[in-house]
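Hi,

Here's the structure I promised you. Have a look at it first, then read my notes below.

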Amino acid sequence: MNKYRRNLIGILCSIVILIGISSCFNNKPEQNPRTLPTSLNKLYPPVSGTEPVWLNHMKELAYPYEGIMIDVKENQLNLAIEHFNKMKALYQEVSHLVPEWTKLFPQEPIERLGKALKSGKIDEIQAAYDVLGRVCFDCHIENLPKVQHKYAWGQFHLLLVSDNLTNDIIKFSQYMKFMGMSLTAVSIDLEEGQVEQARKHFKDFNARFNNLESVCKNCHRKKDPETGISKVIKRKYFVDENIQTQVALLGQLIETDQPDIIKIKQVSDEIATDSCYKCHLVHVPATYSRYKWNEH
Ligand code: HEC
Ligand code: HEC
Ligand code: HEC
(Lines give C-alpha, C1' and ligand atoms only; values in the text may rest on other atoms or scores of the structure.)
(Ligands and ions follow the chains in the order given, each with its own letter.)
Protein backbone atom coordinates (compact mmCIF):
# COMPACT_ATOMS: atom_id res chain seq x y z
CA MET A 1 0.00 0.00 0.00
CA ASN A 2 1.50 3.36 -0.90
CA LYS A 3 2.04 6.11 1.62
CA TYR A 4 -0.65 8.34 0.10
CA ARG A 5 -3.34 5.68 0.45
CA ARG A 6 -2.24 4.86 4.01
CA ASN A 7 -2.55 8.52 4.93
CA LEU A 8 -5.91 8.75 3.28
CA ILE A 9 -7.17 5.73 5.20
CA GLY A 10 -5.73 7.26 8.39
CA ILE A 11 -7.57 10.50 7.76
CA LEU A 12 -10.81 8.69 6.97
CA CYS A 13 -10.51 6.64 10.16
CA SER A 14 -9.93 9.79 12.23
CA ILE A 15 -12.97 11.40 10.70
CA VAL A 16 -15.08 8.36 11.50
CA ILE A 17 -13.77 8.32 15.08
CA LEU A 18 -14.27 12.08 15.50
CA ILE A 19 -17.83 11.83 14.23
CA GLY A 20 -18.36 8.97 16.66
CA ILE A 21 -16.97 10.95 19.59
CA SER A 22 -18.75 14.16 18.70
CA SER A 23 -22.04 12.34 18.34
CA CYS A 24 -21.49 11.02 21.86
CA PHE A 25 -20.99 14.57 23.12
CA ASN A 26 -23.79 15.91 20.99
CA ASN A 27 -26.21 13.42 22.43
CA LYS A 28 -28.54 15.92 23.96
CA PRO A 29 -30.06 14.63 27.15
CA GLU A 30 -33.37 13.13 26.16
CA GLN A 31 -35.99 15.83 26.15
CA ASN A 32 -37.58 15.72 29.55
CA PRO A 33 -41.03 14.30 28.92
CA ARG A 34 -42.33 16.44 31.72
CA THR A 35 -42.09 19.15 29.11
CA LEU A 36 -45.31 17.75 27.74
CA PRO A 37 -47.29 20.99 27.76
CA THR A 38 -49.18 21.44 31.01
CA SER A 39 -52.12 22.83 29.06
CA LEU A 40 -52.75 19.24 27.88
CA ASN A 41 -53.98 18.42 31.37
CA LYS A 42 -57.22 20.25 30.79
CA LEU A 43 -57.84 18.15 27.67
CA TYR A 44 -57.72 14.85 29.54
CA PRO A 45 -59.51 13.35 32.52
CA PRO A 46 -59.80 14.05 35.34
CA VAL A 47 -59.59 17.79 34.55
CA SER A 48 -61.66 17.45 31.36
CA GLY A 49 -64.25 15.23 33.04
CA THR A 50 -64.45 11.84 31.38
CA GLU A 51 -63.53 12.72 27.78
CA PRO A 52 -60.04 12.55 26.25
CA VAL A 53 -60.66 15.83 24.42
CA TRP A 54 -57.37 15.95 22.47
CA LEU A 55 -57.79 12.38 21.27
CA ASN A 56 -61.36 13.09 20.19
CA HIS A 57 -60.18 16.07 18.14
CA MET A 58 -57.51 13.93 16.52
CA LYS A 59 -60.07 11.39 15.38
CA GLU A 60 -62.26 14.18 14.07
CA LEU A 61 -59.30 15.61 12.14
CA ALA A 62 -58.30 12.24 10.70
CA TYR A 63 -61.75 11.59 9.23
CA PRO A 64 -61.80 14.31 6.54
CA TYR A 65 -58.02 13.96 6.12
CA GLU A 66 -58.51 10.38 4.99
CA GLY A 67 -61.66 11.41 3.13
CA ILE A 68 -59.54 13.64 0.86
CA MET A 69 -57.47 10.75 -0.46
CA ILE A 70 -60.39 8.34 -0.64
CA ASP A 71 -62.22 10.73 -2.98
CA VAL A 72 -59.10 11.63 -4.98
CA LYS A 73 -58.58 7.92 -5.68
CA GLU A 74 -62.22 7.69 -6.75
CA ASN A 75 -61.81 10.67 -9.06
CA GLN A 76 -64.25 12.81 -7.10
CA LEU A 77 -62.19 15.96 -6.86
CA ASN A 78 -65.07 18.15 -5.77
CA LEU A 79 -65.85 15.91 -2.82
CA ALA A 80 -62.15 15.76 -2.00
CA ILE A 81 -62.07 19.56 -1.86
CA GLU A 82 -65.06 19.54 0.50
CA HIS A 83 -63.17 17.21 2.83
CA PHE A 84 -60.14 19.44 2.51
CA ASN A 85 -62.11 22.52 3.56
CA LYS A 86 -63.47 20.72 6.61
CA MET A 87 -60.08 19.43 7.47
CA LYS A 88 -58.42 22.81 7.09
CA ALA A 89 -60.90 24.37 9.53
CA LEU A 90 -60.34 21.57 12.05
CA TYR A 91 -56.57 21.83 11.59
CA GLN A 92 -56.72 25.52 12.54
CA GLU A 93 -58.92 24.74 15.52
CA VAL A 94 -56.76 21.92 16.83
CA SER A 95 -53.60 23.98 16.36
CA HIS A 96 -54.84 26.40 19.05
CA LEU A 97 -55.89 23.80 21.63
CA VAL A 98 -52.41 23.48 23.07
CA PRO A 99 -50.61 26.81 22.60
CA GLU A 100 -47.19 25.21 23.09
CA TRP A 101 -47.91 22.99 20.05
CA THR A 102 -49.30 25.60 17.66
CA LYS A 103 -45.99 25.74 15.79
CA LEU A 104 -46.22 21.99 15.17
CA PHE A 105 -49.17 22.70 12.84
CA PRO A 106 -47.42 24.65 10.06
CA GLN A 107 -49.55 26.48 7.49
CA GLU A 108 -47.42 25.85 4.42
CA PRO A 109 -48.28 22.13 3.93
CA ILE A 110 -51.99 22.75 4.21
CA GLU A 111 -51.88 25.64 1.72
CA ARG A 112 -49.85 23.47 -0.63
CA LEU A 113 -52.43 20.70 -0.52
CA GLY A 114 -55.22 23.23 -1.17
CA LYS A 115 -53.41 24.51 -4.28
CA ALA A 116 -52.64 21.00 -5.51
CA LEU A 117 -56.29 19.99 -5.20
CA LYS A 118 -57.34 23.05 -7.19
CA SER A 119 -54.80 22.19 -9.89
CA GLY A 120 -56.29 18.69 -10.11
CA LYS A 121 -52.84 17.22 -10.85
CA ILE A 122 -52.71 13.83 -9.16
CA ASP A 123 -48.90 13.79 -8.71
CA GLU A 124 -48.94 17.17 -7.01
CA ILE A 125 -51.87 16.18 -4.82
CA GLN A 126 -50.13 12.99 -3.73
CA ALA A 127 -46.87 14.81 -2.96
CA ALA A 128 -48.64 17.54 -0.97
CA TYR A 129 -50.75 14.98 0.86
CA ASP A 130 -47.61 13.11 1.92
CA VAL A 131 -45.97 16.31 3.16
CA LEU A 132 -49.03 17.01 5.30
CA GLY A 133 -49.02 13.42 6.54
CA ARG A 134 -45.46 14.00 7.66
CA VAL A 135 -46.65 16.86 9.90
CA CYS A 136 -48.91 14.39 11.70
CA PHE A 137 -46.23 11.71 11.87
CA ASP A 138 -43.49 14.03 13.16
CA CYS A 139 -45.58 15.02 16.15
CA HIS A 140 -46.83 11.49 16.71
CA ILE A 141 -43.43 9.83 16.94
CA GLU A 142 -42.30 12.48 19.41
CA ASN A 143 -45.38 12.98 21.56
CA LEU A 144 -47.92 10.20 21.12
CA PRO A 145 -46.18 7.59 23.32
CA LYS A 146 -45.64 10.13 26.09
CA VAL A 147 -49.22 11.31 25.95
CA GLN A 148 -50.47 7.73 26.06
CA HIS A 149 -48.17 6.83 28.95
CA LYS A 150 -49.30 9.86 30.86
CA TYR A 151 -53.01 9.93 30.18
CA ALA A 152 -54.14 6.53 28.92
CA TRP A 153 -52.45 4.01 31.17
CA GLY A 154 -53.89 4.73 34.56
CA GLN A 155 -51.72 5.21 37.61
CA PHE A 156 -50.05 1.94 38.52
CA HIS A 157 -47.20 3.90 40.06
CA LEU A 158 -49.60 5.30 42.67
CA LEU A 159 -51.67 2.18 43.19
CA LEU A 160 -52.14 0.95 46.74
CA VAL A 161 -53.50 -2.51 47.41
CA SER A 162 -54.66 -4.39 50.44
CA ASP A 163 -52.27 -7.25 51.15
CA ASN A 164 -54.51 -10.20 51.89
CA LEU A 165 -51.75 -11.94 53.90
CA THR A 166 -51.01 -9.14 56.34
CA ASN A 167 -54.05 -6.91 55.88
CA ASP A 168 -51.68 -3.98 55.40
CA ILE A 169 -52.28 -1.39 52.72
CA ILE A 170 -49.12 -1.43 50.63
CA LYS A 171 -47.81 -0.12 47.35
CA PHE A 172 -48.60 -2.39 44.41
CA SER A 173 -44.88 -2.66 43.61
CA GLN A 174 -44.25 -3.95 47.16
CA TYR A 175 -47.02 -6.52 46.70
CA MET A 176 -45.30 -7.64 43.49
CA LYS A 177 -41.96 -7.98 45.26
CA PHE A 178 -43.48 -10.17 47.98
CA MET A 179 -45.22 -12.33 45.42
CA GLY A 180 -42.12 -12.64 43.22
CA MET A 181 -39.93 -13.60 46.18
CA SER A 182 -42.32 -16.36 47.26
CA LEU A 183 -42.39 -17.87 43.78
CA THR A 184 -38.58 -17.92 43.54
CA ALA A 185 -38.30 -19.18 47.12
CA VAL A 186 -40.24 -22.33 46.20
CA SER A 187 -37.45 -23.45 43.84
CA ILE A 188 -34.59 -22.16 45.98
CA ASP A 189 -35.79 -23.97 49.12
CA LEU A 190 -36.44 -27.18 47.20
CA GLU A 191 -32.91 -27.06 45.82
CA GLU A 192 -31.66 -26.67 49.37
CA GLY A 193 -33.74 -29.61 50.52
CA GLN A 194 -36.03 -27.45 52.68
CA VAL A 195 -39.31 -28.91 51.52
CA GLU A 196 -41.52 -27.57 54.32
CA GLN A 197 -40.20 -24.04 53.77
CA ALA A 198 -40.88 -24.39 50.05
CA ARG A 199 -44.46 -25.46 50.78
CA LYS A 200 -44.98 -22.45 53.02
CA HIS A 201 -43.68 -20.12 50.30
CA PHE A 202 -46.03 -21.70 47.80
CA LYS A 203 -48.98 -21.01 50.13
CA ASP A 204 -48.00 -17.34 50.42
CA PHE A 205 -47.55 -17.08 46.67
CA ASN A 206 -50.86 -18.79 46.00
CA ALA A 207 -52.76 -16.49 48.36
CA ARG A 208 -51.34 -13.34 46.81
CA PHE A 209 -51.71 -14.63 43.27
CA ASN A 210 -55.39 -15.47 43.81
CA ASN A 211 -55.98 -11.96 45.06
CA LEU A 212 -54.26 -10.35 42.06
CA GLU A 213 -57.33 -10.34 39.86
CA SER A 214 -59.04 -7.96 42.27
CA VAL A 215 -56.40 -5.35 41.34
CA CYS A 216 -57.40 -5.35 37.68
CA LYS A 217 -60.78 -3.77 38.31
CA ASN A 218 -59.11 -0.55 39.38
CA CYS A 219 -58.73 0.19 35.69
CA HIS A 220 -60.53 -2.43 33.64
CA ARG A 221 -64.04 -1.09 33.76
CA LYS A 222 -66.43 0.07 31.15
CA LYS A 223 -69.37 2.39 31.51
CA ASP A 224 -72.66 0.96 30.40
CA PRO A 225 -73.89 3.61 27.92
CA GLU A 226 -77.50 3.08 29.02
CA THR A 227 -77.29 2.97 32.79
CA GLY A 228 -74.05 4.96 33.19
CA ILE A 229 -72.88 2.38 35.72
CA SER A 230 -69.28 1.27 35.34
CA LYS A 231 -68.91 -2.48 35.14
CA VAL A 232 -65.84 -4.63 35.70
CA ILE A 233 -64.54 -6.22 32.50
CA LYS A 234 -63.46 -9.77 33.14
CA ARG A 235 -59.79 -10.16 32.25
CA LYS A 236 -58.37 -12.65 29.80
CA TYR A 237 -54.73 -13.66 30.09
CA PHE A 238 -52.28 -13.21 33.00
CA VAL A 239 -54.72 -14.21 35.76
CA ASP A 240 -57.29 -16.25 33.83
CA GLU A 241 -58.20 -19.95 34.16
CA ASN A 242 -55.18 -21.12 32.14
CA ILE A 243 -52.76 -19.56 34.59
CA GLN A 244 -54.87 -20.56 37.59
CA THR A 245 -54.60 -24.17 36.37
CA GLN A 246 -50.81 -23.84 36.24
CA VAL A 247 -50.71 -22.43 39.76
CA ALA A 248 -52.95 -25.25 41.02
CA LEU A 249 -50.64 -27.77 39.34
CA LEU A 250 -47.64 -26.22 41.08
CA GLY A 251 -49.51 -26.68 44.36
CA GLN A 252 -50.13 -30.37 43.66
CA LEU A 253 -46.53 -30.98 42.63
CA ILE A 254 -45.14 -29.45 45.77
CA GLU A 255 -47.47 -31.43 48.06
CA THR A 256 -46.26 -34.83 46.78
CA ASP A 257 -43.93 -36.78 49.09
CA GLN A 258 -40.90 -36.36 46.84
CA PRO A 259 -41.47 -33.12 44.95
CA ASP A 260 -40.08 -33.30 41.41
CA ILE A 261 -37.89 -30.22 41.33
CA ILE A 262 -37.31 -30.26 37.59
CA LYS A 263 -41.02 -30.36 36.85
CA ILE A 264 -41.68 -27.72 39.53
CA LYS A 265 -39.14 -25.33 38.03
CA GLN A 266 -40.65 -25.87 34.62
CA VAL A 267 -44.16 -25.01 35.81
CA SER A 268 -42.83 -22.00 37.77
CA ASP A 269 -41.10 -20.75 34.64
CA GLU A 270 -44.30 -21.06 32.66
CA ILE A 271 -46.17 -19.01 35.25
CA ALA A 272 -43.36 -16.45 35.35
CA THR A 273 -43.57 -16.05 31.58
CA ASP A 274 -47.27 -16.36 30.79
CA SER A 275 -48.54 -14.38 33.75
CA CYS A 276 -45.79 -12.19 35.18
CA TYR A 277 -43.63 -11.32 32.19
CA LYS A 278 -46.43 -10.92 29.67
CA CYS A 279 -48.39 -8.69 32.01
CA HIS A 280 -45.20 -6.70 32.59
CA LEU A 281 -44.74 -6.29 28.82
CA VAL A 282 -48.17 -4.67 28.66
CA HIS A 283 -48.24 -2.56 31.83
CA VAL A 284 -44.69 -1.79 33.00
CA PRO A 285 -43.42 0.60 30.28
CA ALA A 286 -46.11 3.21 30.99
CA THR A 287 -45.65 2.73 34.74
CA TYR A 288 -41.90 3.28 34.52
CA SER A 289 -42.33 6.34 32.31
CA ARG A 290 -44.29 7.91 35.14
CA TYR A 291 -41.52 7.13 37.65
CA LYS A 292 -38.93 8.50 35.27
CA TRP A 293 -40.84 11.75 35.07
CA ASN A 294 -40.89 11.83 38.87
CA GLU A 295 -44.62 11.83 38.94
CA HIS A 296 -44.95 10.03 42.21
C1 HEC B 1 -51.18 -6.28 36.03
C2 HEC B 1 -50.38 -7.31 35.50
C3 HEC B 1 -49.27 -7.90 36.32
C4 HEC B 1 -49.15 -9.23 36.64
C5 HEC B 1 -50.11 -10.36 36.32
C6 HEC B 1 -47.90 -9.34 37.35
N7 HEC B 1 -47.29 -8.13 37.48
FE8 HEC B 1 -45.54 -7.77 38.44
N9 HEC B 1 -45.68 -5.80 37.99
C10 HEC B 1 -46.73 -5.21 37.30
C11 HEC B 1 -46.51 -3.78 37.23
C12 HEC B 1 -47.41 -2.77 36.58
C13 HEC B 1 -45.29 -3.54 37.89
C14 HEC B 1 -44.61 -2.17 38.11
C15 HEC B 1 -45.18 -1.62 39.41
C16 HEC B 1 -44.45 -0.40 39.93
O17 HEC B 1 -43.21 -0.35 39.84
O18 HEC B 1 -45.10 0.51 40.47
C19 HEC B 1 -44.78 -4.83 38.33
C20 HEC B 1 -43.60 -5.01 39.02
C21 HEC B 1 -43.13 -6.22 39.46
C22 HEC B 1 -41.89 -6.40 40.18
C23 HEC B 1 -40.89 -5.32 40.50
C24 HEC B 1 -41.27 -4.63 41.77
C25 HEC B 1 -40.24 -3.56 42.08
O26 HEC B 1 -40.66 -2.43 42.37
O27 HEC B 1 -39.05 -3.84 42.01
C28 HEC B 1 -41.79 -7.73 40.48
C29 HEC B 1 -40.67 -8.43 41.24
C30 HEC B 1 -42.95 -8.38 39.94
N31 HEC B 1 -43.75 -7.43 39.32
C32 HEC B 1 -43.22 -9.73 40.05
C33 HEC B 1 -44.32 -10.36 39.49
C34 HEC B 1 -44.52 -11.78 39.51
C35 HEC B 1 -43.59 -12.80 40.11
C36 HEC B 1 -45.71 -12.01 38.87
C37 HEC B 1 -46.34 -13.32 38.50
C38 HEC B 1 -46.53 -14.30 39.48
C39 HEC B 1 -46.23 -10.72 38.46
N40 HEC B 1 -45.35 -9.75 38.84
C41 HEC B 1 -47.41 -10.56 37.80
C42 HEC B 1 -47.83 -5.85 36.76
C43 HEC B 1 -48.09 -7.21 36.86
C1 HEC C 1 -48.83 18.53 17.83
C2 HEC C 1 -48.89 17.11 17.84
C3 HEC C 1 -49.80 16.39 16.87
C4 HEC C 1 -50.05 16.67 15.55
C5 HEC C 1 -49.46 17.77 14.67
C6 HEC C 1 -50.98 15.67 15.10
N7 HEC C 1 -51.27 14.79 16.13
FE8 HEC C 1 -52.54 13.22 16.02
N9 HEC C 1 -52.07 12.72 17.94
C10 HEC C 1 -51.25 13.44 18.77
C11 HEC C 1 -51.18 12.79 20.06
C12 HEC C 1 -50.39 13.27 21.25
C13 HEC C 1 -52.00 11.66 19.99
C14 HEC C 1 -52.27 10.62 21.09
C15 HEC C 1 -53.56 10.96 21.78
C16 HEC C 1 -54.00 9.91 22.76
O17 HEC C 1 -53.73 8.70 22.57
O18 HEC C 1 -54.67 10.30 23.74
C19 HEC C 1 -52.56 11.64 18.64
C20 HEC C 1 -53.43 10.68 18.17
C21 HEC C 1 -53.96 10.67 16.89
C22 HEC C 1 -54.88 9.66 16.41
C23 HEC C 1 -55.37 8.45 17.19
C24 HEC C 1 -54.35 7.35 17.00
C25 HEC C 1 -54.75 6.02 17.57
O26 HEC C 1 -53.86 5.30 18.01
O27 HEC C 1 -55.95 5.69 17.55
C28 HEC C 1 -55.18 9.99 15.11
C29 HEC C 1 -56.10 9.23 14.18
C30 HEC C 1 -54.45 11.19 14.79
N31 HEC C 1 -53.73 11.58 15.90
C32 HEC C 1 -54.50 11.84 13.57
C33 HEC C 1 -53.74 12.95 13.24
C34 HEC C 1 -53.68 13.52 11.92
C35 HEC C 1 -54.43 13.02 10.71
C36 HEC C 1 -52.83 14.57 12.00
C37 HEC C 1 -52.34 15.48 10.91
C38 HEC C 1 -53.27 16.03 10.01
C39 HEC C 1 -52.37 14.66 13.36
N40 HEC C 1 -52.93 13.66 14.08
C41 HEC C 1 -51.48 15.61 13.80
C42 HEC C 1 -50.55 14.57 18.45
C43 HEC C 1 -50.56 15.19 17.22
C1 HEC D 1 -53.46 1.10 36.55
C2 HEC D 1 -54.39 0.64 35.58
C3 HEC D 1 -54.42 -0.83 35.21
C4 HEC D 1 -54.47 -1.92 36.05
C5 HEC D 1 -54.52 -1.95 37.56
C6 HEC D 1 -54.49 -3.08 35.18
N7 HEC D 1 -54.46 -2.71 33.88
FE8 HEC D 1 -54.51 -3.93 32.26
N9 HEC D 1 -54.41 -2.33 31.02
C10 HEC D 1 -54.52 -1.01 31.43
C11 HEC D 1 -54.68 -0.16 30.26
C12 HEC D 1 -54.86 1.35 30.26
C13 HEC D 1 -54.65 -1.00 29.13
C14 HEC D 1 -54.77 -0.57 27.64
C15 HEC D 1 -55.98 -1.10 26.97
C16 HEC D 1 -57.22 -1.08 27.78
O17 HEC D 1 -57.55 -0.02 28.35
O18 HEC D 1 -57.86 -2.15 27.88
C19 HEC D 1 -54.49 -2.36 29.64
C20 HEC D 1 -54.45 -3.49 28.86
C21 HEC D 1 -54.53 -4.79 29.33
C22 HEC D 1 -54.62 -5.96 28.48
C23 HEC D 1 -54.61 -5.99 26.95
C24 HEC D 1 -55.83 -5.37 26.33
C25 HEC D 1 -57.11 -5.86 26.93
O26 HEC D 1 -57.90 -4.98 27.38
O27 HEC D 1 -57.35 -7.07 27.02
C28 HEC D 1 -54.72 -7.03 29.31
C29 HEC D 1 -54.87 -8.48 28.90
C30 HEC D 1 -54.67 -6.53 30.67
N31 HEC D 1 -54.54 -5.15 30.64
C32 HEC D 1 -54.74 -7.33 31.79
C33 HEC D 1 -54.72 -6.84 33.08
C34 HEC D 1 -54.80 -7.70 34.24
C35 HEC D 1 -54.91 -9.21 34.21
C36 HEC D 1 -54.76 -6.88 35.33
C37 HEC D 1 -54.80 -7.25 36.77
C38 HEC D 1 -53.93 -8.30 37.21
C39 HEC D 1 -54.62 -5.51 34.84
N40 HEC D 1 -54.62 -5.55 33.47
C41 HEC D 1 -54.54 -4.39 35.64
C42 HEC D 1 -54.47 -0.54 32.71
C43 HEC D 1 -54.44 -1.33 33.84
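H2 passes helix H3 in a left-handed crossing, meaning that the near helix is turned anticlockwise from the far one by less than a right angle (clockwise would be right-handed). Helices here are DSSP runs of H or I with at least four residues, strands are runs of E with at least two, and both are numbered from the N terminus. Before going on: this is a predicted model, where local features need pLDDT of at least 70, side-chain atom pairs count only at pLDDT 80 or more, and totals for chains, interfaces and linings use all residues. Residues are numbered from 1 along each chain as its sequence is written, while chains are lettered from A and ligands numbered from 1 in the order in which they are written.

**Helix pairs**

Two packed helices are described by the angle between their axes and the distance between the axes. For H2 and H3 (residues 77-95), the axes come within 8 Å and cross at roughly 155°. An axis is a line fitted to C-alpha atoms, for helices over the stretch in contact, and angles run from 0 to 180 degrees between N-to-C directions. So H2 is roughly antiparallel to H3; that label is for angles over 145 degrees, with under 35 being roughly parallel, 65 to 115 roughly perpendicular and the rest oblique.

Which residues make the contact? From H2 they include His57, Leu61, Tyr65 and Ile68, and from H3 they include Leu79, His83, Met87 and Tyr91. (Two residues are in contact if their C-beta atoms, placed from the backbone, lie within 7 Å.) The residues of this H2 and H3 contact divide into 13 nonpolar, three polar and three charged. Nonpolar covers Ala, Val, Leu, Ile, Met, Phe, Trp, Tyr, Cys and Pro; charged covers Asp, Glu, Lys and Arg; the others, Gly among them, are polar.

Helix H4 (residues 108-119) and H5 also pack, at an angle of about 160° with their axes 8 Å apart. H4 and H5 are therefore roughly antiparallel to each other, and H4 passes H5 in a left-handed crossing. On the H4 side, the residues that meet H5 include Pro109, Leu113 and Leu117, and those of H5 include Ile125, Tyr129 and Leu132. By class, this contact of H4 with H5 has eleven nonpolar, one polar and two charged residues.

**The whole chain**

How many helices and strands are there? The protein has nine helices and four strands, running α-α-α-α-α-β-β-α-α-β-β-α-α from the N terminus on. Of its 296 residues, 15% count as buried (buried means that 20 or more other C-beta atoms lie within 10 Å of the residue's own, exposed means 12 or fewer, partly exposed is in between, and C-beta atoms are placed from the backbone). Among contacts between residues at least 6 apart in sequence, 52% join residues at least 24 apart.

**Around the ligands**

Ligand 2 has 21 residues around it, and Leu55, Met58, Ala62, Cys136 and Cys139 come nearest. (A residue is near a molecule or strand if its C-beta atom, placed from the backbone, lies within 6 Å of it.) Helix H2 (53-73) and helix H5 (122-151) are the elements that give two or more residues to this shell. H5 provides the largest share, nine residues. By class, the shell around ligand 2 has 17 nonpolar, three polar and one charged residues.

Ligand 3 is surrounded by 21 residues, and the closest are Gly154, Cys216, Cys219, Arg235 and Phe238. Helix H7 (195-216) and helix H9 (261-292) each supply at least two residues of that shell, and the largest share, four residues, comes from H7. The classes around ligand 3 are 13 nonpolar, five polar and three charged.

Most residues other than glycine have a negative phi, and most peptide bonds are trans. Where do we see something else? The peptide bond from Pro45 to Pro46 is cis, with omega near 5°, and Pro46 is found in the loop between helix H1 (3-26) and H2.

Tyr237 has a positive phi of about 65° although it is not a glycine, and Phe238 has a positive phi near 60°. Tyr237 lies in the loop between strand E4 (230-232) and helix H8 (241-255), and Phe238 is found in the loop between E4 and H8. Is Tyr237 buried or exposed? Tyr237 is exposed, with 12 other C-beta atoms within 10 Å, whereas Phe238 is partly exposed, with 19.

Finally, take Val284 in helix H9. Val284 counts as exposed because it has 12 C-beta neighbours inside 10 Å. The C-alpha atoms of Val284 and Phe156 are separated by 8.6 Å, though these residues are 128 apart along the chain.

Cheers
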